[in-house]
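Let's take a friendly walk through a protein model. Keep the picture open as you read, and find each residue as it comes up.

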Amino acid sequence: MSPFSAPVRRHALRAALLLAAVLVWTACPPAFANGLPGPGLWPSVTAAGLFCGACLLPSPQKTEKMDGRRRHEARMMMFSGMLWIVLLVPAGCFVATFLAGLCACRSAGCSLKESLLLPALLCLLLQVGVVHLLQWPLPTGILPAMLSAN
């Protein structure tokens, strides 16, 4: 048995997420120093995500009895993140993003049409926003490089 009750653990997690968000925000360089997004953009987005995660954390009363469906959804979302990490180097950013997004959408209960459309739109936004507008190359992966060499 844990010495801390569920509400204390939940508030401690919320406080840790808020502290992490503040630390990331204070440590990152300005995101729009020269008018264009710079090296501080990603840490700023990460800090905003941590802050939103802390604010959206459900109350302990709602999460004490998590049913099997919610546990399955949580596991599949974690699997989607791990799938993206594992596929990023061998398959490239776009393939990894599409497959991880497809897995996440299906586990969240989206229809097959939505599950195909949302990751495709995310890949399109990455291509337009990062590759064309910011002119930052994204990882292409080992497999596409090997296939194009033949």
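## How to read the model

This is a predicted model, in which local features need pLDDT of at least 70 and side-chain atom pairs count only at pLDDT 80 or more, while totals for chains, interfaces and linings use all residues. Residues are numbered from 1 along each chain as its sequence is written, and side-chain values use heavy atoms, with hydrogens and water left out.

## The whole chain

The protein chain has seven helices and zero strands.

Among the 150 residues of the protein chain, 19% count as buried. Buried means under 20% relative accessible area, exposed means over 50%, and partly exposed is in between (1.4 Å probe, protein chains only). The accessible surface of the chain comes to about 10500 Å², and carbon and sulfur atoms hold 74% of that. Such areas come from the Shrake-Rupley method with a 1.4 Å probe, and for residues only the protein chains shown count as cover.

Contact means heavy atoms within 4.5 Å. Of the contacts in the chain with a separation of 6 or more, 55% are between residues 24 or more positions apart.

## From α1 to α2

Look for Pro-29 in the loop between α1 (6-27) and α2. Leu-41 belongs to helix α2, which covers residues 41-56.

Is Pro-29 buried or partly exposed? Pro-29 counts as partly exposed because its relative accessibility is 38%. Leu-41 also has a value in the partly exposed range, at 23% relative accessibility.

## Two buried serines

Ser-107 sits in helix α5 (residues 93-108). With a relative accessible area of 7%, Ser-107 is buried. Its side chain reaches the backbone oxygen of Ala-104 at 2.9 Å. A polar contact is a pair of N or O atoms within 3.5 Å; within protein, one must be able to donate a hydrogen and the other to accept it, and residues adjacent in sequence count only if both atoms are side-chain atoms.

Ser-115 is in helix α6. Why does Ser-115 count as buried? Ser-115 counts as buried because its relative accessibility is 0%. A polar atom of the Ser-115 side chain lies 2.8 Å from the backbone oxygen of Ser-111. Apart from neighbours within four places in sequence, Ser-115 touches Leu-102, Cys-105, Arg-106 and Cys-110.

## Cysteines without disulfides

How many disulfides does a search of the whole structure find? The search finds zero disulfides, a disulfide being a pair of cysteine sulfur atoms within 2.5 Å. For Cys-93, the nearest cysteine sulfur is that of Cys-123, 7.2 Å away. The sulfur of Cys-110 is 4.5 Å from the closest cysteine sulfur, in Cys-105, and that is too far for a bond.

Cys-93 is part of helix α5 and is buried, with a relative accessible area of 5%. Leaving aside neighbours within four places in sequence, Cys-93 is in contact with Trp-84, Leu-88, Leu-126, Leu-138 and Pro-139. Cys-93 and Leu-126 are 33 residues apart along the chain, with 9.2 Å between their C-alpha atoms.

Leu-117, Leu-118, Leu-121, Leu-124, Val-128 and Leu-133 make a nonpolar surface patch of about 560 Å². Patches are made of residues with over 30% relative accessible area and no salt bridge: like charges are joined within 9 Å, and nonpolar side chains (Val, Leu, Ile, Met, Phe, Trp, Tyr) within 5 Å. A salt bridge is a side-chain nitrogen of Lys or Arg within 4 Å of a carboxyl oxygen of Asp or Glu.

One of the patch residues, Val-128, is in helix α6 (residues 112-133). Val-128 is partly exposed, with a relative accessible area of 39%.

Terms used:
Helices (H or I, at least four residues) and strands (E, at least two) are DSSP runs, numbered from the N terminus.
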